[in-house]
Amino acid sequence: VSTQSTWGFLIEMEKVSHKVDPSMGLGFNTMAIHCGIEPETSCGAVTPPIYFSSNYIADPSNKFCYQREGNPTRDQLEKCMCALEKAKHTQVFPSGNAGGTLITHLLKPGDHILALQDMYGGLIAYFDGLAIPVMEYKVSYVDFGNKKEFMEAFTPDTKMVWMESPSNPLLKIYDIAEIAKICKEKGVLLVFDNTFLSPYLMNPLDYGVDIVLHSGTKYIGGHSDILMGFICTNNDEIYNKLEAMYPFYGACPAPFDCFLAIRGLKTLSLRMERAQSNAAKLAEFLFKHPKVEEVFYPGLPSHIGYEIHKKQARGPGAMLSFKLKGCDLMTCAKFCLSLHLFTFAGSLGGVEGLICTPANFTHGKATPEFKKKVGVTDNLIRVSLGIDDYVDIEKDFTDSLKMLPQ
């Protein structure tokens, strides 16, 4: 039976637009499924095709020219991320570090970055290994929880403040709105890494942040099978500067990776809810365990930043850290390896559980003095909860904790 004879009656009907945008007041899941993603028009495919073409026909009506500058699949992903992060503009990168590096190109030699001392160790390695010695930026690592220290760290050359909350790996919480207000008063850009919570649990732009950075490799991709990064902003001037640099920077993601990220966004809330539930239960379990010295999780009422976090986020997330009593680094590593459902590896945000010892993972390149300053001890363990059944997670931890010396 031909399509013409089967669906001929539709010819008489008025076409309805499938275009969806944030102004329609839709919920997160609805926007994740529909924003930027419209059925393909030439043959009616419900799922848009992946556009692999590296170049496009020269035509004034054509939005695209060369893949490094733009791509239809990437364009769909950018529109969807704009909706979810409540941003006017989004740029996509082949990794979070690529996005972070481009942000620093807004500066010039001699400019000063005020950075959170307990933030992502990979960015600290970039600052220390390249930004400071090669690009000639100045960087200070400061405790943002100490207002006196934070305020005194500003200099006439300070042009950018870089932070995250919860921090990695100690999950410290900072008042984003308060820090944003200070930055606005001083005319300094505020960059915020929202990787740990994703757009589902927090939108930092709502609190006055200038630029939001994501490692899409983590919760947005969600399956530990892509590298991806995002920059989101509502500031036209910042975006125009970044967009002018983007084609020359050359850090554009592959169309297939963009497709996987689009697919990841559709189930982001479902995965985050399950993983967050697992994290909250495990945090409570570890908090009460006699072999655990301390638990770091913003969902625990005992957490020093509990009230601030509740004010600025929609949930505590799926990451936690804890310290084992009286254990050295080797004992902690053996504990991690003894677990059956958690892989001893870096990264986070996948459907599977991941566990690591930050002293030789996230802060493996940091000096002993710096680790001591920020609280990354040898007995610290970081856990990324996946979507396993919680009863199996607790049994796994119970069995491994029994194996530790008394």
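The model is predicted. Its largest nonpolar core has 93 residues, and a second, separate core has 27 residues.

**Nonpolar cores**

- Within the largest core, the residues with the most contacts are L77, F127, V161 and W162.
- Helix 10, residues 255-266, supplies the largest share of this core, namely six residues.
- The second core includes L286, V295, Y390 and F397.

**Helix 5 and F127**

- Helix 5 spans residues 121-131, and its buried residues are G121, L123, I124, Y126, F127 and A131.
- The cover over these buried residues includes helix 4, strand 2 (112-116), strand 3 (138-142), strand 4 (158-164) and helix 14 (368-374).
- Apart from neighbours within four places in sequence, F127 is in contact with T104, I113, A115, M119, I132, P133, V139, Y141 and W162.

**Two helix pairs**

- Two packed helices are described by the angle between their axes and the distance between the axes.
- Helix 3 (residues 72-84) packs with helix 10 at an angle of about 30°, and the axes are 8 Å apart.
- Angles under 35 degrees count as roughly parallel, so helix 3 and helix 10 are roughly parallel to each other.
- The crossing of helix 3 past helix 10 is left-handed.
- On the helix 3 side the contact involves T73, R74, Q76, L77, C80, M81 and L84, which meet P255, C258, F259, A261, I262 and L265 of helix 10.
- By type, the residues of this contact are ten nonpolar, two polar and one charged.
- Helix 4 (residues 96-104) and helix 9 (residues 236-249) have axes that come within 10 Å and cross at roughly 125°.
- That angle makes helix 4 oblique to helix 9.
- The crossing of helix 4 past helix 9 is right-handed.
- A98, T101, L102 and I103 of helix 4 make the contact with L242, M245, Y246 and Y249 of helix 9.
- The residues of the contact between helix 4 and helix 9 comprise seven nonpolar, one polar and no charged.

**E78 in helix 3**

- E78 is part of helix 3, and its relative accessibility of 19% counts as buried because the cut-off is under 20%.
- Leaving out residues up to four places away in sequence, E78 touches T90, Q91 and V92.

**The loop between strand 4 and helix 7**

- Most residues other than glycine have a negative phi, and most peptide bonds are trans.
- The peptide bond from S165 to P166 is cis, with omega near 5°, and P166 lies in this loop.
- N168 and P169 are also joined by a cis peptide bond, with omega about 15°, and P169 lies in the loop.
- L171, another residue of the loop, has a positive phi near 50°.
- L171 counts as buried, at 1% relative accessibility.
- K172 also has its place in this loop and, at 31% relative accessibility, counts as partly exposed.
- K172 and I304 are 132 residues apart in sequence, while their C-alpha atoms are 8.2 Å apart in space.

**The loop between strand 10 and strand 11**

- S347 is found in the loop between strand 10 (342-344) and strand 11 (353-356).
- Phi of S347 is positive, near 70°.
- S347 counts as partly exposed, at 33% relative accessibility.

Definitions and conventions:
Residues numbered from 1 in each chain as written. Predicted model: local features only at pLDDT ≥ 70, side-chain atom pairs only at ≥ 80, totals over all residues. Heavy atoms only, no water. Core = buried A, V, L, I, M, F, W, Y, C linked by side-chain atoms within 4.5 Å. Buried < 20%, exposed > 50% of the residue type's maximum accessible area, 1.4 Å probe, protein only. Helix = DSSP H or I, 4+ residues; strand = E, 2+ residues; numbered from the N terminus. Contact = heavy atoms within 4.5 Å. Axes fitted to C-alpha atoms, helices over the stretch in contact; angles between N-to-C directions. Parallel < 35°, antiparallel > 145°, perpendicular 65-115°, else oblique. Left-handed = near helix turned anticlockwise from the far one by under 90°. Nonpolar A, V, L, I, M, F, W, Y, C, P; charged D, E, K, R; others polar.
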